[in-house]
Amino acid sequence: MNWQDQYQRWKNDQDLEPQLKETLHNMNENEIEAAFSGTLEFGTGGMRGVLGPGTNRMNVYTVRKAAKGLALYLIEQGLADRGVAVAYDSRYQSREFAVETAKVLGVHGIKTYVFTGVRPTPTLSFAVRQLEAGAGVMITASHNPPEYNGYKVYNEQGAQLPPAQADQMIDQVNSVADELAIAVKDQTEIEAEGLLNWIDEAVDEAYLRELQSITYRGDVKRDLSIVFTPLHGTAHNLVTRSLAQAGFDHVFAVGEQVEEDPEFSTVKSPNPEEHQAFEYAIAKGKDVDADVLVATDPDADRLGVAAKKADGEYHVLTGNQLGALMLDYKLANMDEVPGNGVMINTIVTSQLGKAVADHYNVTTEHTLTGFKFIAEKIEDYNQSGEHEFVFGYEESYGYLVEDFARDKDAIQSTLLACEMAAYYREQDMTLFDALEQLFERHGYYVEDLHSLKLEGTDGPEQINAIMEDFRINPVEGAIAVEDYLTGKRTYLESGESVELDLPASNVVKFWLDDDTWCCLRPSGTEPKMKFYFAVKGATREAADERLKQLKDRVLERL
């Protein structure tokens, strides 16, 4: 069925939701084509898209299709009787999509446990485990622009579905032929039948109790001055409560950004990876003379931290830097580092983390990009007993300190970052001073990321062409190539290959000497080609120069 036929099918549906029908009536031909060309795919990371009418948009009908697929998947897996935990963020229609999920699941007799208000992603992950649910759903588009929303599905461990489970779920979603004809139950009916259960403080209190474990030096003074911004998202309540519980009483919220605003009206992008997101926090920090600034993204799975440097200005730590600092602090201050301890990060994360782990005789495990792979490894090791999890992180500002949640957790990370900052302040050090110590001990690791936007119908073809070119013609100076599509690491001089014990993925990584590498991968959520660069130098100046040379060498080929 072409896009014109799909459009007519929606336009002629007598029961179409009135607001969607009105929007449909006012769309021009280009908008209609974009909205009905194909379907909004439910992929390995769930689905995420622009809100509006159409088969290629986020709306009650595409959400119902995902929920129907989830119901069929749970029945197939024998998990339907355990129910589904559902949470949502501050975006447009998030609560509506949560209720629609319950109304579809209710048709199949599957219970849902839905929060009465917005909650962070890690709280949803925790709720699945706490309630012993068969699955979880998080309605969020993370830090995408305001016109987006999304739908992420979690397994019974509270982790996003790993590939094998995701494939089974995708098959069930794709088996739903007509998104406009999916049966739903009335909200009052499923409430009366006990199929829609509203949850709130009981789960929050249990989560807060677990957060008490995020302390490694009880003797650290807690009079640190902290500025916190949730960037109009979900984290304000739990971050402020958990900091107070931990004894941090000097917390100043950025008032303009506490409001749950789906427009994210005070920032260009609600993403703590973008330094402009700290504009209001920096102003507040200067006003109250704060020691550190912390910012969480809208669904509170990512954390950004800014601290003062010698120039008196606030500077944002990178995800690689903050992750290595937190790893070092935890390992240095645990009661006992387990002999079989493991730190888990991804193939595009700095090697500084591995150097830190090696220093404490902790094993490093690398996974593909995506926290679901880290969570999968945690569960594998919990089952086998081979390793004990001590820390997990990604370079994209996502960290997990303790595994009572199974997704990156900005609330846990905020507690650890603040205790760490308080500890170093007692040593008359900033976080940047502590980072310098790590560099002096392990070498100067410097990283960068370049994103190339390739939009339009030709975008995927251009991305594939770039990947193929680099596969055929490796980066100059490379001594080994890891191709995660073929699952092999090849040493270029000898031609010898070894197997990579990771799932197949369209990623290529080139290793140069002395922990220097670059990695190419298409984005999983945006029409972008991503280039990761990482170098090590004896001095900061040497590392910066080497990074520039590597970037120039790769990007001049584009």
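The structure holds one cavity of 30 Å³ or more, a cavity being a set of points, on a 1 Å grid over the protein atoms alone, where a 1.4 Å probe fits but cannot get out. This is a predicted model, in which local features need pLDDT of at least 70 and side-chain atom pairs count only at pLDDT 80 or more, while totals for chains, interfaces and linings use all residues. Residues are numbered from 1 along each chain as its sequence is written, and side-chain values use heavy atoms, with hydrogens and water left out.

**Cavity and pocket**

- About 40 Å³ of space lies in the largest cavity, where a volume is the space filled by probe spheres set on grid points joined across faces, edges and corners.
- The largest cavity is lined by Phe42, Gly43, Thr44, Gly45, Gly46, Val153, Gln160 and Leu161; lining residues have an atom within 4 Å of a point.
- This lining comprises three nonpolar, five polar and no charged residues. Ala, Val, Leu, Ile, Met, Phe, Trp, Tyr, Cys and Pro count as nonpolar, Asp, Glu, Lys and Arg as charged, and the others, Gly among them, as polar.
- The second largest pocket has a volume of about 240 Å³, a pocket being an open set of points with protein on both sides within 12 Å along at least five of seven lines.
- Of the 13 residues lining the second largest pocket, His366, Glu482, Tyr484, Leu500 and Leu502 are the closest to its centre.
- Strand E13 (363-367), strand E19 (497-499) and strand E20 (508-511) each give two or more residues to the lining of the second largest pocket. Helices (H or I, at least four residues) and strands (E, at least two) are DSSP runs, numbered from the N terminus.
- The lining of the second largest pocket divides into six nonpolar, one polar and six charged residues.

**Helix H5**

- Helix H5 (residues 94-107) has 14 residues and reaches 21 Å from its first C-alpha to its last, close to the 20 Å expected at 1.5 Å a residue; the expected span is 1.5 Å times one less than the number of residues.
- Eleven of the 14 residues of H5 are buried, so the helix is largely enclosed by the rest of the structure. Buried means under 20% relative accessible area, exposed over 50%, and partly exposed in between, with a 1.4 Å probe and protein chains only.
- The buried residues of H5 include Phe97, Glu100, Lys103 and Leu105.
- Gly109, which follows H5, has a positive phi near 75°.

- Arg302 is found in the loop between strand E9 (292-296) and strand E10 (303-308), and counts as buried at 14% relative accessibility.
- The side chains of Arg302 and Glu273 are joined by a polar contact of 3.1 Å. A polar contact is a pair of N or O atoms within 3.5 Å; within protein, one must be able to donate a hydrogen and the other to accept it, and residues adjacent in sequence count only if both atoms are side-chain atoms.
- A polar atom of the Arg302 side chain also lies 2.8 Å from the backbone oxygen of Ser396.
- Thr188 lies in helix H8 (residues 187-192) and counts as exposed at 53% relative accessibility.
- The side chain of Thr188 makes a polar contact of 2.3 Å with the side chain of Asp186.

**Cysteines**

- A search of the whole structure finds zero disulfides, a disulfide being a pair of cysteine sulfur atoms within 2.5 Å.
- The sulfur of Cys519 is 7.7 Å from the closest cysteine sulfur, in Cys518, which is too far for a bond.
- Cys519 counts as buried at 0% relative accessibility, and Cys418 counts as buried at 1%.
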